[in-house]
Amino acid sequence: MMLKSVTESFASMIHGLRVGHLTDGVIQRSKRMILDSLGVGFLGTGTEVFHNVTQYSKIHSMDFDDTWHPATHPSGAVLPVLTALSEALPQTPKFSGLDLLLAFSVGIEVQGRLLHFSKEAKDIPKRFHPPSVVGTLGSAAATSKFLGLSLTKCREALAIAVSHAGAPIANAATQTKPLHIGNAAKHGMEATFLAMLGLQGNKQILDLGSGFGAFYANYSPKDLPSLDSHIWLLDQQDVAFKSFPAHLATHWVADAAAAVRKHLVTSERALLPADHIERIVLRIPDVQYVNRPFPDSEHEARHSFQYVACATLLDGSVTVPSFYSQKVNRPQVKELLKKVELEHPPDNLPSFNTLYCEISITLKDGTTFTERSDTFYGHWRKPLSQEDLHKKFRANASKILGEDTVESLITVVEKLEDLEDCAMLTRLLKGPSVQEEASKLSSIFSFHHTSLPKFTNI
């Protein structure tokens with residue numbers, strides 16, 4: 001039987017995908033994304049943004065999330081919903097680790113499929129912040145899958161979610177940007193609950209230029225393949241993991257700046273001879289909201305090609321403390337920023353899949369050093385090793401949790417597909433009695449793979 005609409009085909013995918021459809025590649029990549037997102041979330045609880053909104057919601061409040069292509073931060077709108085549901089729902093029947101992995105993967109898949117319907121979405125965004133758009137629908141899809149909604153209810157959840165979606169890119173580099181992902185998670189879940197209560201929306205919401213197409217130019221939706229021939233986008237396209245909390249495009253800048261610094265700083269303890277520098281040229285894509293010549297806040301610094309270049313040249317690397325106000329406002333930084341110029345070569349397009357950074361430093365004696373980065377470590381073409389992913393998680397999570405709990409979380413996520421009860425994960429996230437929980441680790445894993453939805457009549 002032919003599907004009637006693109007919207008119907010999405011609902012059919014959400015409803016119909018089962019644990020048996022998961023591949024080893026999707027499971028492994030999903031677990032890496034989950035672990036990284038948990039660590040980023042823990043680190044974010046120490047920021048001013050978090051404390052300002054903590055009585056309202058808990059959000060990722062640093063620009064440290066994983067990044068996909070086409071451009072979005074896929075995990076942040078999906079994982080918090082699933083951990084919240086795992087904690088809030090009745091413990092009978094139990095939700096397994098595979099249940100969580102399936103719902104997570106469905107939420108990621110929906111975002112990727114929607115982004116592939118527009119040429120505009122393949123570039124670094126100019127109008128809407130992608131997680132606020134596709135993330136809202138990813139949250140609704142993940143919630144619908146986790147709760148086992150019917151095909152009709154899945155379709156309604158998507159339709160309602162579209163009316164909750166969207167946030168302007170103009171709020172990037174402000175304290176409001178972190179709300180985008182938090183709201184996407186919340187609104188997608190709310191859309192699903194409203195669908196469960198009988199609220200209805202346009203049955204062709206994903207087919208219409210006046211529906212989901214309102215967010216993207218050149219919107220050209222297509223029916224999804226049948227489940228028999230389903231291929232996960234996450235199998236075809238990995239995510240990038242950031243090594244420091246700033247806009248992904250700045251990671252090429254840091255990589256190139258670290259390389260050119262080696263020409264100027266000959267020993268580990270030596271200082272950058274900033275007074276000898278006449279001119280710094282960055283050849284990068286034309287991305288206006290990351291062009292901030294003199295950032296005066298941590299949020300602007302996270303979205304500044306210029307600042308990341310200068311911080312790397314001065315310190316040798318960029319880390320979490322690089323964006324503290326005392327670092328951003330150093331006199332040495334401000335002096336170096338005055339020497340930075342941007343160029344936008346026509347072949348350097350604003351796409352995370354193809355962009356590069358070339359940096360040239362000219363000294364006062366006329367000597368020029370040039371280095372280029374085509375791919376940084378952590379990009380999907382040069383993936384972060386499992387060891388380094390664990391190091392990043394430990395560094396982030398240890399700000400909030402004890403060492404034993406951090407190690408227990410790594411163990412649980414590493415074996416998530418064998419976890420019988422997701423309640424173990426949520427208990428660890430709340431900071432339980434570590435000794436009590438650690439003693440259970442050997443008995444909580446099982447190779448019993450749950451594949452049936454929990455609420456088949458909803």
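I will begin with the nonpolar cores, then turn to the strands, and end with the cysteines.

Please bear in mind that this is a predicted model. Its largest nonpolar core has 86 residues. Within that core, the residues with the most contacts are Phe10, Ile34, Leu114, Leu137, Leu206 and Phe212. The element that gives the most to this core is helix α5, residues 97-115, with eleven residues. If we take Phe10 and leave aside residues up to four places away in sequence, Phe10 touches Val110, Arg113, Leu114, Phe117, Leu158, Leu206 and Leu224. There is also a second, separate core of 50 residues, and Val260, Ile284, Cys310 and Ala311 are included in it.

Let me now turn to the strands. Strand β3 spans residues 357-363, and six of its seven residues are buried, so β3 is largely enclosed by the rest of the structure. Strand β1, residues 277-283, pairs with β3 in the antiparallel sense over six bridges. β3 and β4 form a hairpin with four residues between them. In that turn, Gly366 has a positive phi of about 95°.

Finally, the cysteines. How many disulfides are there? With sulfur pairs required to lie within 2.5 Å, the count is zero. Cys154 counts as buried because its relative accessibility is 1%, and Cys422 is buried, also at 1%.

Conventions. Residues are numbered from 1 along each chain as its sequence is written. This is a predicted model: local features need pLDDT of at least 70, side-chain atom pairs count only at pLDDT 80 or more; totals for chains, interfaces and linings use all residues. Side-chain values use heavy atoms; hydrogens and water are left out. Buried means under 20% relative accessible area, exposed over 50%, partly exposed in between (1.4 Å probe, protein chains only). A nonpolar core is a set of buried Ala, Val, Leu, Ile, Met, Phe, Trp, Tyr and Cys residues joined through side-chain atoms within 4.5 Å. Helices (H or I, at least four residues) and strands (E, at least two) are DSSP runs, numbered from the N terminus. Contact means heavy atoms within 4.5 Å. Two strands pair if DSSP finds at least two bridges between them.
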